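Q: Please show me the structure, and then take me through the reading of its features step by step.

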Amino acid sequence: MADQYSRTRLLLGEDGLSKLRSARVAIFGLGGVGGYVAEALARSGVGQLDLIDDDTINLTNLNRQVLALHSTVGMSKVEAAKNRILDIDPTIQVRTYQTFFLPENAAEFDFSQYDYVIDAIDTVTGKLELIAQAKSAGVPIISCMGTGNKLDPTGFRVSDISKTSGCALARIMRKECAKRGLKGVKVVYSQELPLDPQVDPSEFQEAQREGSSRRALPGSTAFVPGVAGLIMAGEVIKDLCNAKEVR
């Protein structure tokens, strides 16, 4: 009998869907990238999703974030994501944490519970801590590099952090991962060189996070961050389906 996953079952099989259904995935960051990761994982049938973000939806998110609608402006991103996921599949277990992940609060999360960790945050200190925690727990992680000030959605690549090039954030992360002995880090990055904004970005300047790699507020589009997020989701689904077992 047909169900909402019938078309997915044709490609992944019953075993693949079963692995996704039993998986617990943590998504750190629900912006232009992380929102699309959550969307794709929910529509693919991942059974448990932990959502971590402290931000609320504002008008400047409407141009690129799947969670951003005029009806959700002012709502926390974790709440908007949970509502959307449960509307896609009410049987998914969704846990929300309205907090900004940094080394100082890393102990609040038990990484050993996760089958996969998605890093879609933009602070270097937070990204490095996520990678360190996942590696320590023996949990696979995929990390997104820079998507701001870019227009080519075909420029993304999946690679080990040590083999990246052309991305300023990846360069910083590559150096810091090597310094900390963090190896085998899967990332999504673009070799496209960032464009210069055509207007003064200070007019729209937002408060910068401590540890952020941003020098100024970047421009962004409806299609570049979303493509990065969908690529990340595809890698997670592929890895979970090929895993020998899922917790």
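A: Helices (H or I, at least four residues) and strands (E, at least two) are DSSP runs, numbered from the N terminus. Here, the loop between strand 5 (141-144) and strand 6 (156-160) holds Asn149, a residue that has a positive phi of about 60° although it is not a glycine. This is a predicted model, in which local features need pLDDT of at least 70 and side-chain atom pairs count only at pLDDT 80 or more, while totals for chains, interfaces and linings use all residues. Residues are numbered from 1 along each chain as its sequence is written, and side-chain values use heavy atoms, with hydrogens and water left out.

Q: Which residue just after helix 2 takes a positive phi?
A: That residue is Gly45, whose phi is about 95°.

Q: How many of the residues of helix 2 are buried?
A: Buried means under 20% relative accessible area, exposed over 50%, and partly exposed in between, with a 1.4 Å probe and protein chains only. Helix 2 is mostly covered, since nine of its eleven residues are buried. The buried residues are Gly34, Gly35, Val37, Ala38, Glu39, Ala40, Leu41, Ala42 and Ser44.

Q: Against which elements do the buried residues of helix 2 pack?
A: Packing is read from contact, which means heavy atoms within 4.5 Å. The buried residues of helix 2 pack against helix 1 (6-21), strand 1 (24-28), strand 2 (48-52), helix 3, strand 4 (116-119) and helix 6.

Q: At what angle do the axes of helix 2 and helix 3 cross?
A: Axes are lines fitted to C-alpha atoms, for helices over the stretch in contact, and angles run from 0 to 180 degrees between N-to-C directions. The axes of helix 2 (residues 34-44) and helix 3 (residues 77-88) cross at roughly 25° and come within 9 Å. Helix 2 is therefore roughly parallel to helix 3, where angles under 35 degrees count as roughly parallel, over 145 as roughly antiparallel, 65 to 115 as roughly perpendicular and the rest as oblique. The crossing of helix 2 and helix 3 is right-handed; a crossing has this hand if the near helix is turned clockwise from the far one by less than a right angle, and is left-handed if anticlockwise.

Q: Which residues of helix 2 and helix 3 meet?
A: On the side of helix 2 they are Ala38, Glu39, Ala42 and Arg43, which meet Arg84, Ile85 and Ile88 in helix 3. The residues of this contact of helix 2 with helix 3 divide into four nonpolar, no polar and three charged, where Ala, Val, Leu, Ile, Met, Phe, Trp, Tyr, Cys and Pro count as nonpolar, Asp, Glu, Lys and Arg as charged, and the others, Gly among them, as polar.

Q: Is Glu39 buried or exposed?
A: Glu39 counts as buried, at 12% relative accessibility. Not counting residues up to four places away in sequence, Glu39 touches Val66, Arg84 and Ile88.

Q: At what angle do helix 4 and helix 5 cross?
A: The axes of helix 4 (residues 124-137) and helix 5 (residues 168-180) cross at roughly 45° and come within 11 Å, which makes helix 4 oblique to helix 5. Their crossing is right-handed. The contact joins Val124, Lys127, Leu128 and Ile131 of helix 4 with Leu169, Ile172, Met173, Glu176, Cys177 and Arg180 of helix 5, and its residues divide into seven nonpolar, no polar and three charged.

Q: How many disulfides are there?
A: A disulfide is a pair of cysteine sulfur atoms within 2.5 Å, and by this rule the count comes to zero. Cys167 is in no disulfide, and the nearest cysteine sulfur, that of Cys144, is 8.5 Å away. For Cys177, the closest cysteine sulfur, in Cys167, is 12 Å away, too far for a bond. Cys167 counts as buried at 3% relative accessibility, and Cys177 counts as buried at 1%.

Q: With which residues is Val227 in contact?
A: Val227, which lies in helix 6 (residues 224-242), is in contact with Pro153 and Phe156, leaving aside neighbours within four places in sequence. The C-alpha atoms of Val227 and Phe156 are separated by 8.3 Å, although the two residues are 71 residues apart along the chain. Val227 counts as partly exposed, at 25% relative accessibility.
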